[in-house]
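Dear colleague,

I am passing on the structure below, and after it you will find my notes on what was found. Please read them with the model open beside you.

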Amino acid sequence: MYHLAWFQGCGLPPWNPDIDGPFVGNVAREWATGENFSDLARALERGGFTFLLMEDTTQVDDHFGGTAEVALKRGFFSPKHDPFPMSLKMAMATKHIGFAPTISSSFYHPWAAARMLTTLDHLTDGRIGMNVVTSTQHRAAQNFGLDALPPKEARYEAANEFCEIFRQLEAAWEDDAVLIDYDSGYYADHRKVHRIDYQGKYYSSRGPLNHIPGPQRHVPMVEAGNSPAGRDLAAHYADAIIGNCLTVDEMRELIADMRDRVTGHGRNPRDFKTMFLCEPIVAESDDEAKRRHERMTKAKSEPPAIEWMRFYLDLVTPSIDFSTLDLEMTVADFRKSMIDPQMVSIVDKIFRVPDEMSFREVLSTRGPMLDLGLIGSPETVARKMDEMMEEVGGGGFLINAPAGRRAVVEICDGLCPVLQRRGSIRSAYEHKTFRENLLAY
Ligand SMILES: Cc1cc2nc3c(=O)[nH]c(=O)nc-3n(C[C@H](O)[C@H](O)[C@H](O)COP(=O)(O)O)c2cc1C
């Protein structure tokens, strides 16, 4: 058995029928109630998804062209809910699925994060996790009182301290610290609740946490950075990495590398999942899926999609203003003039194309989401997913789909039942907690 996870921002979904198609519903007016997210969580649970990974950023972007116009006209990456209370609402609407809201190790103090996540671990009865990211925006850094985003190397150093403090705080209450002894009058034994006295370069904390350990004690962590520093952070502290791979060979390389790194940190590789980001195209028949793929490919060279791609690249590359780049510039020229040592691996992959390709061609053919050839009827896509996982031995997929109820139904009520019948994904939740369900084979 392998796992499915769903990738979703908690904000205004695509909302404009002229740009985003006729099935967007009334989300522009209704999304802030969070009910559409509760519906989503219920559907994912029906489909046997292990968890929902909730994207997050913390700024209204005005880096793109020096104005917030595009961000707010189109609702790109804002407005959005804080994913932590959002995950509680979705947990209240479901019984089994896990939630991995995104937290930035560059901006949140690990003590506050550990307290919030321990609280949510109790309130969700063990169904909370986290997606740790290091962030890519100066504006977000400025919202948290910094002058600018620290360099990538420093962000990963800080992320390691963040995770170390987080894990130490989780362990600071011993298993038998809570007594609830009415005879002696002791709720807890202070000798079994410890300070951590961690002194780091970026974060320090005395500890302990003013909360008892949650049902999971160890809140599962997902990590999606694929650079060597990202992989190492995941191998040390996380329970799963999301691979952003273009080919089966890249998937195999990531799995082997993660096995070595996890073992290198003294951990058992069986306690770690490597999952892969993908955007399958599922329709009634193979022909219909192919037609949709062709329509989507064509739409990618239209102005709204070009604008989205420019905006996305701008968001994850703080040193370059992608709003002004000449669309006819070649990738060779781009590389010469736009060297950015901080380039995140996802952008690096988008530009891994022949030198003579124009920037316009890159924008209209590449993107952060990959179909991995998973195009077809539910039966065809299920078979391809099975073949891929069999070939590489991976832990499953993080599915990105066009936001909206139509895509949710296609995956959860079209693809998932086929995968369940094939025994590829779970039909029922074997365990109570997110971590146990994630580590299940
Ligand atoms: C599937 C996926 C989800 C991600 N989600 C977020 C997110 O919600 N917020 C964010 O700031 N970065 C997000 N990222 C960025 C990464 O976590 C990471 O910080 C970035 O890729 C830079 O690291 P790298 O060069 O090590 O890949 C995501 C990346 C991937 C592949």
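The protein chain is divided into domain 1 (3-148 + 208-286 + 369-439) and domain 2 (288-365), with bounds that come from an automatic or database domain assignment. Please keep in mind that this is a predicted model, in which local features need pLDDT of at least 70 and side-chain atom pairs count only at pLDDT 80 or more, while totals for chains, interfaces and linings use all residues. Residues are numbered from 1 along each chain as its sequence is written, and side-chain values use heavy atoms, with hydrogens and water left out.

The C-alpha centres of the two domains lie 23 Å apart, and 35 residues of domain 1 are in contact with 26 residues of domain 2, contact meaning heavy atoms within 4.5 Å. Between them the domains bury about 2,600 Å², of which 62% is on carbon and sulfur atoms; buried area is the accessible area (1.4 Å probe) that two parts lose on being put together, summed over both. Across this interface the rule finds 5 salt bridges, a salt bridge being a side-chain nitrogen of Lys or Arg within 4 Å of a carboxyl oxygen of Asp or Glu. Lys73 forms a salt bridge with Glu307, and their closest N and O atoms are 3.7 Å apart. On the side of domain 1 that touches domain 2, at least two residues each are supplied by α4 (69-74), β12 (281-282), β13 (375-376) and α17, and α4 gives the most, with 4 residues. Helices (H or I, at least four residues) and strands (E, at least two) are DSSP runs, numbered from the N terminus.

Turning to the fold, 8 strands close into a barrel in the order β1-β2-β3-β4-β9-β10-β11-β14, with parallel pairing, where two strands pair if DSSP finds at least two bridges between them. Strand β1 (residues 3-9) pairs with strand β2 (residues 51-55) in the parallel sense over 5 bridges, and the bridge partner of Phe7 in β2 is Leu53. Helix α17 (residues 405-421) lies across β1 and β14 (396-400) and runs at about 175 degrees to β1; axes are lines fitted to C-alpha atoms, for helices over the stretch in contact, and angles run from 0 to 180 degrees between N-to-C directions.

In the whole structure, the search finds 35 salt bridges. In one of these, Glu253 is joined to Arg231, the closest N and O atoms being 3.1 Å apart. Because Glu253 lies in helix α10 (residues 248-264) and Arg231 in helix α9 (residues 228-237), the pair ties together parts that are 22 residues apart in sequence.

With best wishes
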